Amino acid sequence: MDIIFLGTGTSQGVPMIAQSAHVGGADLDLGNPKNWRTRTSAHVIVGKTHIQIDAAQEFRLQCLHNQIEQIDLFILTHGHADHILGMDDLRRFCDLRDGIALPVYSTREGLERVREIYPYAIRSKPEFAGYPAFSLREIPESLALPDGTIRHTLLPHGRTSVLGLIFEEHSSGRKLAYYTDCARVDSAQRELARGADVLVLDALRPTPHPTHLSVSEAVEVARDIGAGQTWFTHMTFMIDAQSHGRELPPGMDFAWDGLQIHL
Ligand SMILES: [Zn+2]
Ligand SMILES: [Zn+2]
């Protein structure tokens, strides 16, 4: 199993527009490429199946930078702009499937947002060659893949719920938990992630936020789950990869755009 972090930044991206006008921000070292973060999304490969989690505004560029050339199914964790607004560029992957609609999995609420934003793409085949086509599917409790399974849970995130995803690969026995955009991780969600070789977890910024985990909250959750390695994602400009990364406990670090992990 492999995970490629296509983007690791919060909804405004890092640095944000007019970053220098912001008063009171951290000393973000823009000479360090790890501090340039596009909006959060990831690409997971289980056996021969390529799964795309979310499509940020920079999705096309992320695909080019990371040589993403195949997507077999798409999972939308939730309908916020930074996770849904790149979906039109899935059109290229519909092309590569000979115009067979791409399976798009989400919650009922997430699928409703897809219908609202991309009504032209809800069809079994593209209207014209090069257009997108999405086959919308409510995510089942356990989604069987040729070489593994994807289970899910719901994470609290303000007025919405976010799909937390658990990937397991049959051949390697490896387990990956992907928990982005969450205000808390309750005991049932922690149990589901236990035994993960890799945990990916929301860690927005050093200070508390009503709908995201802060770094210290994320560290507490990561310690409790006890994954082999925890990678934090969805960071704001308030996190400097090097200076804040040094303060993290062993086995935890801030992910960066383009990071690839083989499990
Ligand atoms: Zn987000
Ligand atoms: Zn969100």
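## Getting oriented

With 263 residues, a compact globule would have a radius of gyration near 18 Å, and the protein agrees with this at 18 Å (the radius is taken over C-alpha atoms, and the globule rule is 2.2 Å times the number of residues to the power 0.38). This is a predicted model, in which local features need pLDDT of at least 70, side-chain atom pairs count only at pLDDT 80 or more, and totals for chains, interfaces and linings use all residues. Residues are numbered from 1 along each chain as its sequence is written, while chains are lettered from A and ligands numbered from 1 in the order in which they are written.

## Exercise 1: the overall build

Describe the make-up of the protein and the span of its C-alpha trace.

Step 1. The protein has 7 helices and 14 strands (DSSP runs numbered from the N terminus: helices are H or I with at least four residues, strands are E with at least two).

Step 2. Along the principal axes, the C-alpha trace spans about 50 × 45 × 35 Å.

Step 3. Of the 263 residues, 47% count as buried. Here a residue is buried if 20 or more other C-beta atoms lie within 10 Å of its own, exposed if 12 or fewer, and partly exposed in between, with C-beta atoms placed from the backbone.

## Exercise 2: two faces of a helix

Find the buried and the exposed residues of helix α6 (residues 215-225).

Step 1. Val 215, Glu 217, Ala 218, Val 221, Ala 222 and Ile 225 are the buried ones.

Step 2. Viewed down the axis of α6, these buried residues fall within an arc of 160°, so they line one face of the helix (the arc is that of the directions from the helix axis to the C-beta atoms).

Step 3. Ser 216 and Asp 224 are exposed on the other side of α6.

Step 4. The cover over the buried residues includes α5 (187-193), β11 (198-202), β12 (229-233) and β13 (252-254).

Step 5. Just after α6 comes Gly 226, with a positive phi of about 70°.

## Exercise 3: following strand β9

Which strands pair with β9, and in what sense?

Step 1. Start with burial: 8 of the 10 residues of β9 (residues 160-169) are buried, so this strand is largely enclosed by the rest of the structure.

Step 2. Strand β8 (residues 148-157) pairs with β9 in the antiparallel sense over 10 bridges (strands pair if DSSP finds at least two bridges between them). Opposite Ser 161 in β9 stands Pro 156.

Step 3. These two strands form a hairpin with 2 residues between them, and Gly 158 in the turn has a positive phi of about 65°.

Step 4. Strand β10 (residues 175-179) also pairs with β9 in the antiparallel sense, over 4 bridges. Lys 175 in β10 is the bridge partner of Glu 168.

Step 5. The hairpin of β9 and β10 has 5 residues between the strands, and Gly 173 there takes a positive phi near 70°.

## Exercise 4: backbone details in a loop

Step 1. Is Ala 18 buried or exposed? Ala 18 is exposed, with 7 other C-beta atoms within 10 Å.

How values were computed: Two residues are in contact if their C-beta atoms, placed from the backbone, lie within 7 Å.
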